[in-house]
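This briefing is meant to be read beside the sequence and the coordinates.

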Amino acid sequence: VEGLNFVEAIHKLFTSLPFKIKFSCYLRLDLINKYPHQADLLQEAGMVGNFFGIETLNKQSGVAIGKGLAPNKVKDRLYWLGEKWKDKINMGAGIIFGLPYDTIEYFQEAKEWILQKDNPLSSIEVYPLVLFKKQKDKGDYGSEFSLNPEIYGYEIHSNNYWTLKSQGLDTNIVTKYANDVMQERYMMNKVSEFSIMTQQNVGIKIEDLMKCK
């Protein structure tokens, strides 16, 4: 719609329909932080679930991967959204362990926040960083860290096992910490993101999905 940004255009279109739309989507938390009024527009348009690619709560690692919103602002905005969307929109997010400035101390701090009972996120997935060794004649694609690992201090060995000597990390250490967090967080996770639509398609009421795990 001319003259409107994407969220405003979606809101205008969906609210003009003679029926109620329900949808899930990916969202950028930095844009919600910049344009907080869009939180109401998304709810009015029919959003019931979303996924934030937060990736990290480590400020330095965030800068390295182009995430401009500081960790304290990430948390503040999530708590704000949690209150605004309570029992109406389930929020999901992904976090990656093993980014350039991560440390074991950071993993432990992140774990504490991820496992807090008042965490505003309905669902959190924690992934270990995966890097792929460049292969000749197969084309180079993937993350910036896979394409130029030496710039960030990574060494990628056989079977895509990597080390980050500056931080004392490697694939095995990071995978262990990510799995440990997920083992405890899994039982806290609610139905959220795109799985809401899948569950609704088999006949579960949206009101029940907002509460059940």
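In this model, the side chains of Asp30 and Arg28 meet in a salt bridge, with an N to O distance of 2.7 Å. The model is predicted, and side-chain atom pairs count only at pLDDT 80 or more. Under the rule applied here, the count comes to 5 salt bridges, and the pairs described below are among them.

**Salt bridges**

- In the pair formed by Asp30 and Arg28, Asp30 is partly exposed, its relative accessible area being 31%, whereas Arg28 counts as exposed at 51% relative accessibility, a value that falls just on the exposed side because the class begins over 50%.
- A salt bridge also joins the side chains of Glu155 and Lys165, at 3.5 Å from N to O. Glu155 lies in strand 5 (residues 154-156) and Lys165 in the loop between strand 6 (162-164) and strand 7 (169-170), so the pair ties together parts that are 10 residues apart in sequence.
- Lys176 forms a salt bridge with Asp180, and the closest N and O atoms of the two are 2.9 Å apart. Both Lys176 and Asp180 belong to helix 9 (residues 171-185), where they are 4 residues apart, or about one turn of the helix; Asp180 is partly exposed, at a relative accessible area of 27%.
- In general, side chains of opposite charge can pair when their charged atoms come close.

**Nonpolar cores**

- The largest nonpolar core has 48 residues, and those with the most contacts inside it are Phe52, Leu78, Phe97, Ile114 and Trp162. Helix 6 (residues 104-114) gives the most to this core, contributing 5 residues.
- Once its neighbours within four places in sequence are left aside, Trp162 is in contact with a set of residues including Gly98, Leu129, Leu131, Tyr154, Glu155, Leu169 and Val174. Glu155, listed among those contacts of Trp162, is also the salt-bridge partner of Lys165.
- A second, separate core has 6 residues, including Val48, Ile196, Leu209 and Met210.

- Asn50 is found in strand 2 (residues 47-55) and is buried, with a relative accessible area of 0%.
- Leaving aside neighbours within four places in sequence, the contacts of Asn50 are Cys25, Leu27, Trp85, Ile89, Asn90, Met91, Gly92 and Glu193.

**Packing of helix 1 and helix 3**

- The axes of helix 1 (residues 6-15) and helix 3 (residues 38-45) come within 9 Å and cross at roughly 30°; that angle makes helix 1 roughly parallel to helix 3, because angles under 35 degrees count as roughly parallel.
- Helix 1 passes helix 3 in a left-handed crossing. The contact is made by Val7, Glu8, Ile10, His11, Phe14 and Thr15 on the side of helix 1, and by Gln38, Leu41, Leu42, Glu44 and Ala45 on the side of helix 3.

- Met188 lies in the loop between helix 9 and helix 10 (195-201) and is partly exposed, with a relative accessible area of 23%.
- Along the chain Met188 and Lys34 are 154 residues apart, and their C-alpha atoms are separated by 29 Å.

Terms used: Residues numbered from 1 in each chain as written. Predicted model: local features only at pLDDT ≥ 70, side-chain atom pairs only at ≥ 80, totals over all residues. Heavy atoms only, no water. Salt bridge = Lys/Arg side-chain N within 4 Å of Asp/Glu carboxyl O. Buried < 20%, exposed > 50% of the residue type's maximum accessible area, 1.4 Å probe, protein only. Helix = DSSP H or I, 4+ residues; strand = E, 2+ residues; numbered from the N terminus. Core = buried A, V, L, I, M, F, W, Y, C linked by side-chain atoms within 4.5 Å. Contact = heavy atoms within 4.5 Å. Axes fitted to C-alpha atoms, helices over the stretch in contact; angles between N-to-C directions. Parallel < 35°, antiparallel > 145°, perpendicular 65-115°, else oblique. Left-handed = near helix turned anticlockwise from the far one by under 90°.
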